[in-house]
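Me: I would like to go through the labels used for this model and check each one against its rule.

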Amino acid sequence: MNVFSIQRGVGLVEVMVALLLLAVAVLGFSAMQLSAVKATDESLMRTQSLSAIKTLSESMRVLPDSSSIYRKQINDIYKSSNSDIESLITTYCTKANEYAVSAKKCNTEICTSDEEVVKYNVGDIVKSACSKDIVLNIEVCPNTSGTNERQCIIAAWNQTKPTMVDEKASCTDASGSYKPAASCFIMEAY
């Protein structure tokens, strides 16, 4: 009996096992790569939303007595577009663009009141945020009413509403605690 005839087919089994192990490794690597891409996308959205919030906050600091005007104008844009969560960004961007067009262009015309300056600033900021699929809103921060009132600037994306209420798609609950699945940032402004 030939020694080589006993081992016939063993090489094929070894190749099949090696291919199976390689396939499992490639699938694991692919899953890790998808996870890394998702984390990179989330990081980009966080950076862009933080930039929008900082721009709005700095704009509010330039006109310190106008924070209530900022809150009203941002709220007007958000609330007029407040529809179902699937079409929120579309309706918000439509309202933001309409608002930006209606604002007096303080860079080419003279704005005579704080309200005109705020409207111009808000128009630019919400239009820029909207181009990045970010929805902005301003609410009074929980437990800060009266003399210590602070504005909470909220930026939300990925089907999260920029609100602080006990609602499923909201950024936080009414006490200001982030919801686990929310995609949003909040910054306090004075």
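Me: What makes S2 and S5 a pair?
Reply: Strand S2 (residues 151-156) and S5 pair in the antiparallel sense over 6 bridges, and strands pair if DSSP finds at least two bridges between them, so the label holds. Strands here are DSSP runs of E, at least two residues, and helices are runs of H or I, at least four, numbered from the N terminus. Ala156 has Cys184 in S5 as its bridge partner. The model is predicted: local features need pLDDT of at least 70, side-chain atom pairs count only at pLDDT 80 or more, and totals for chains, interfaces and linings use all residues. Residues are numbered from 1 along each chain as its sequence is written, and side-chain values use heavy atoms, with hydrogens and water left out.

Me: Why are S1 and S5 said to stand at the edges?
Reply: The open sheet has 3 strands in the order S1-S2-S5, with antiparallel pairing. Strand S1 (135-140) and strand S5 (184-189) each have a single partner strand, so one side of each lacks a neighbour in the sheet.

Me: What makes the span of H3 close to the expected one?
Reply: The expected span is 1.5 Å times one less than the number of residues. H3 has 14 residues and reaches 20 Å from its first C-alpha to its last, close to the 20 Å expected.

Me: How do you know that Lys119 lies over the face of Tyr99?
Reply: The rule asks for NZ of Lys or CZ of Arg within 6 Å of the ring centre and within 35 degrees of the ring normal. Lys119 is at 5.2 Å from the ring centre of Tyr99 and is listed as lying over its face.
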